[in-house]
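Please look at the sequence and the model shown here. The paragraphs below go through its charged pairs, its ring pairs and its surface charge.

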Amino acid sequence: MAIYDRYLAVRLQLSDAALPETVALVITERDLLVDSAYETLERFFDLAVRFGADRIVVYVSVLDEGVVPTIESELRTLRAPREVAVRGPDDDDPADAPIGVSIGLGGKHEFAIAVRSIAQSVADGDLAPDEIDESVVEEQLVFPTAPDLVVKTGAERLSDFMIWQSVYSELYFTDVNWQNFGERDYLRALRDYQDRQRRFGR
């Protein structure tokens, strides 16, 4: 670890401010086509856990659905410090694992899945309309955990990412491309998070 990286790590540990318990990362399919892309993702998992994250969510935005099987295969063989659940564009099973990876499953589609499930429960008589609240919606989401911090590499654009879950998340954009994203960049994101006063919409 470089001297500056050690300095950042010490500042994080000495600060009284909380670190994010749930961290989300937004990357693209193109990011995973560069050399060492998956090794970078493994390092990201290790860093997030080392600095206090209980849950990690990775959203891979996809333009060409033909690449989904290849990406999914690679992601399922990643070395990770905790259990990983991978979900593709048509997979609506809840991802109840410490590390969740969404490949091309857009937030609008995920929300539509939840609404359909709730509507069916009402139609079946298992749920009354006045019983529907935020918790009922969240129970039907594929990725139910709301991230404290969302990290986006390469550009200031989130696309269709976790539109329900990230409404109160702290967003961190970096110009650093995924292929160059390292420990220093993640530590900077954490320091930025610690310097913020979260308001949760208030």
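E183 and R50 are joined by a salt bridge, with their closest N and O atoms 3.5 Å apart. A salt bridge here is a side-chain nitrogen of Lys or Arg within 4 Å of a carboxyl oxygen of Asp or Glu. E183 sits in helix 6 and R50 in helix 2, so this pair links distant parts of the chain, 133 residues apart. Helices (H or I, at least four residues) and strands (E, at least two) are DSSP runs, numbered from the N terminus. E183 has a relative accessible area of 21% and is therefore partly exposed. Buried means under 20% relative accessible area, exposed means over 50%, and partly exposed lies in between (1.4 Å probe, protein chains only).

The model is predicted: local features need pLDDT of at least 70, side-chain atom pairs count only at pLDDT 80 or more, and totals for chains, interfaces and linings use all residues. Residues are numbered from 1 along each chain as its sequence is written, and side-chain values use heavy atoms, with hydrogens and water left out.

How many salt bridges are there by this rule? The count comes to 9. One of them joins the side chains of D46 and R79, at 3.0 Å from N to O. Because D46 lies in helix 2 and R79 in the loop between helix 3 (68–76) and strand 3, this pair ties together parts that are 33 residues apart in sequence. Both ends are partly exposed: D46 has a relative accessible area of 29%, and R79 has 42%.

Another salt bridge is formed by D96 and R55, whose closest N and O atoms are 3.3 Å apart. D96 lies in the loop between strand 3 and strand 4, and R55 in strand 2 (residues 55–61), so the pair ties together parts that are 41 residues apart in sequence. D96 is exposed, at a relative accessible area of 61%, while R55 is partly exposed, at 27%. Salt bridges that share partners also join E42, D46 and R79 into one network.

Next come the aromatic rings. Rings of Phe, Tyr and Trp (its six-membered ring) pair if their centres lie within 6.5 Å; planes under 30 degrees apart count as stacked, over 60 as edge-to-face and the rest as tilted. By this rule there are 5 aromatic pairs. In one of them, the ring centres of F44 and W178 are 6.3 Å apart and the planes stand at 65°, so the pair is edge-to-face. F44 belongs to helix 2 (residues 37–50) and W178 to the loop between strand 6 (170–174) and helix 6 (183–194), so the pair ties together parts 134 residues apart in sequence. Are these two residues buried or exposed? Both F44 and W178 are buried.

F44 also forms an aromatic pair with F181, which is tilted, with 6.3 Å centre to centre and 55° between the planes. F181 is in the loop between strand 6 and helix 6, 137 residues apart from F44 in helix 2. F44 counts as buried because its relative accessibility is 2%, and F181 counts as buried because its value is 5%. Together, F44, W178, F181 and Y186 form one aromatic cluster.

Finally, consider the loop between strand 3 (84–87) and strand 4 (99–103), which holds D93. D93 is partly exposed, with a relative accessible area of 45%. On the surface, D93 gathers with D64, E65, D90 and D92 in a patch of negative charge. Such patches are made of residues with over 30% relative accessible area and no salt bridge, with like charges joined within 9 Å and nonpolar side chains (Val, Leu, Ile, Met, Phe, Trp, Tyr) within 5 Å.

Notes
Accessible areas come from the Shrake-Rupley method with a 1.4 Å probe; for residues, only the protein chains shown count as cover. Lys and Arg count as positive and Asp and Glu as negative; His and the chain ends are not counted. The place of a charge is taken as NZ of Lys, CZ of Arg, CG of Asp or CD of Glu.
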